Amino acid sequence: MSGMPPELPTRRDEAWRWADLRHAERFLGTPPPANDALPETDRLWLDLAGPRALFVAGQPVGATAQAPAPDRGMPRHPLADLAAANASAGTRLEVAAGEDAGLVQLLHIGRGGAAHGVTRVVLGAGARLTLVESFADEGQDHWLNHRLDAELGAGATLVRVSRALAGRGLVSDRAAVRMGAESRLAHLSLGLAAGALRTEVEVLLDGPGAHADVDGILLGDGGAALDSLTRLDHRVPGTSSRQRWRLVAGGTAQASIAGGVAVARHAQKTDAEQSLKALLLQRTAVVHLKPELEIFADDVACAHGCTVGELDRAALFYLATRGVPPAEAEALLTLAFVADALAGLPEGALRDALDAETRDWLVRRTGGAAA
Amino acid sequence: MLEIASLHVTVDGREILRGLTLSVLPGEVHAIMGPNGAGKSTLAHVLAGREGYDVTEGTARLDGADLLAMSPDARAAAGLFLGLQYPVEIPGVSNLLFLRTALNAQRRARGEPEISGADFMARVRAEARALGLDLEMLKRGVNVGFSGGEKKRNEAFQLAMLQPRLAILDESDSGLDIDALKVVAAAINRFMSPDRAVLLITHYQRLLDHVRPTHVHVLVDGRIVESGGPELALRLEQEGYERHAA
């Protein structure tokens, strides 16, 4: 990096008011220390077939992987721009028209300092790709700053899971997706007790008939700070989107979602649905839900709902009378609460694996036995 | 099997049970009858361990063990079942997952192996058929979208699946039409055996036409004021509880 370090957003910016960027401030301009040891990654991959690539502190392990040029047509963004400027490696996934690239997993491990990464996806007409990007660490403080740029041709389908497993550091992941006519996006942000997480999804629905499911499950415990922001930008007539976010916070965790929907003046027949729900496991935890709707067209359907609640005590007692111990009952009810955020993913092995992972996390959190 | 001695219970600072004593032996079916507000549901809930029910005096033992010292789930694992008057709806948790989780939790607590998926489903099919419950319905959320009668059938289904030692059934007959009443009654009769017992809490005689009690008790103002055989229920049906009024 040369010249003055770039400025990070602060909490005075409305879009960053709940973000915890302390790790970013601390590590901005600090590269990770040299360390050639290979991390233990077995438990971090989803047990699914398909190509895998591992990045440790921003560097590829095994093959070399030059950082792809970012998509200059995407909106400017302070952290995504920083990733583009500083990433020394990354992944470009280009799928030719009509091809199905199956499932690809990229695993990013943070290891002290700041590491930047870029993934660029280009899907031709009718092409398909499922991409699972996971972020984890080895218990050290760090900052993993990642950017995904995706361009979906007509009729293309992208399934992407942004899976944050980091325990100590900050993961900031921003996905920007431009969608062609009749294309499909299913995006899931999964935050499992990350120390600090900022997950953003911005979707430009540029082609008629495009449909995006942008869902999230944030499970925070201890002192986790999980922050998310979406913007579904309906820019042409006849597009649709659905957002389902389920936030669960225990301990002194903070979880937040600012769920945005924008409908341009001429984008008639937009059908946008948004459901933001939070569950407080303890009253020491904090959740923020902020629906943001900017609708400039008149012939549109934009439904939104927002609720914060606690576990149903009558249901907990009912489970207890049937012999289910409190920890297991809590996990079961919490899993039921988050389950519909998985519904945007296609049925099959990936969804089952994430469902099982969510269940395991909840059961571990409560110290109960598996159902 | 169940020994309750001089049980005093307060709810929100108000004494509801005032020295209730009751003994239930294996093979017995006890009916507890009484007017509204007598403490019938309080008895059911305090035995199951619901929070907010404070025992100020007395004891309750199940097979010699101190029931009141156990958590609600431990009571269930020890063989106690509470059929609720108002079964709870749990969206997002299917009836089958609920039941399998419960069954395996109880088995683990007793040091028994978990039930296999095949054995579980075979039992589900047999018991659901007997209770006229549709298997598709059981794949939906617990009690979600169930009519009042279906919820009570579902309680009877859970009773059949969990096979407790002692079933406390709180107003299992309320909200049932005559056909559903017969189905639930048949389930209770199928459940009964020489080493099990039932405590039926009811307002009315009509369930007792189908489940014959060995003992009938009248609960008024938190105490059992009269006990007898099945003939007592018939007399109450005719005379009401007036003669027991304080």
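Hi everyone. Let me begin with a definition: two strands pair if DSSP finds at least two bridges between them. Keep that in mind for chain B, where the bridge partner of Arg61(B) is Asp66(B), which sits in β5(B). Strand β4 of chain B, residues 53-62, and β5(B) are joined by two bridges, in the antiparallel sense. One note before we go on: this is a predicted model.

Let's stay with that pair and look around it. The two strands belong to an open sheet of four, ordered β2-β1-β4-β5 in chain B, with antiparallel pairing. Which strands stand at the edges? They are β2 (14-24) and β5 (65-66) of chain B; each has a single partner strand, so one side of each is left without a neighbour in the sheet. Across β1 (2-11), β2 and β4 of chain B lies helix α1, residues 40-48, and its direction makes about 70° with β4(B).

Which residues of α7(B) are buried? Those are Ala180(B), Leu181(B), Val184(B), Ala185(B), Ala187(B) and Ile188(B). Looking down the axis of α7(B), you see the buried residues fall within an arc of 155°, so they line one face of the helix. Ile178(B) and Asp179(B), on the other side of α7(B), are exposed. And what covers the buried residues? The cover includes α4 (117-131), α6 (148-162), β9 (166-170) and β10 (197-202) of chain B.

Next, the place where the chains meet. Here 21 residues of chain B are in contact with 18 residues of chain A. On the chain B side, two or more residues each come from α2 (72-77), β7 (90-94), α3 (95-109) and α6. The largest share, six residues, is given by α3(B). By type, the chain B side divides into 14 nonpolar, four polar and three charged residues.

That takes us over to chain A. Here we find an open sheet of eight strands with parallel pairing, in the order β3-β5-β7-β9-β11-β13-β15-β17. At its edges are β3 (90-95) and β17 (286-295) of chain A, each pairing on one side only. Inside this sheet, β13 (225-234) and β15 (254-263) of chain A run parallel and are joined by ten bridges. One bridge to spot is His234(A) with its partner Val263(A) in β15(A). Finally, helix α2 of chain A, residues 78-86, lies across β5 (114-123), β7 (143-152) and β9 (170-179) of chain A, at about 95° to β7(A).

Technical notes:
Residues are numbered from 1 along each chain as its sequence is written. Chains are lettered from A and ligands numbered from 1 in the order in which they are written. This is a predicted model: local features need pLDDT of at least 70, side-chain atom pairs count only at pLDDT 80 or more; totals for chains, interfaces and linings use all residues. Two residues are in contact if their C-beta atoms, placed from the backbone, lie within 7 Å. Axes are lines fitted to C-alpha atoms, for helices over the stretch in contact, and angles run from 0 to 180 degrees between N-to-C directions. A residue is buried if 20 or more other C-beta atoms lie within 10 Å of its own, exposed if 12 or fewer, and partly exposed in between; C-beta atoms are placed from the backbone. The arc is that of the directions from the helix axis to the C-beta atoms. Ala, Val, Leu, Ile, Met, Phe, Trp, Tyr, Cys and Pro count as nonpolar, Asp, Glu, Lys and Arg as charged, and the others, Gly among them, as polar.
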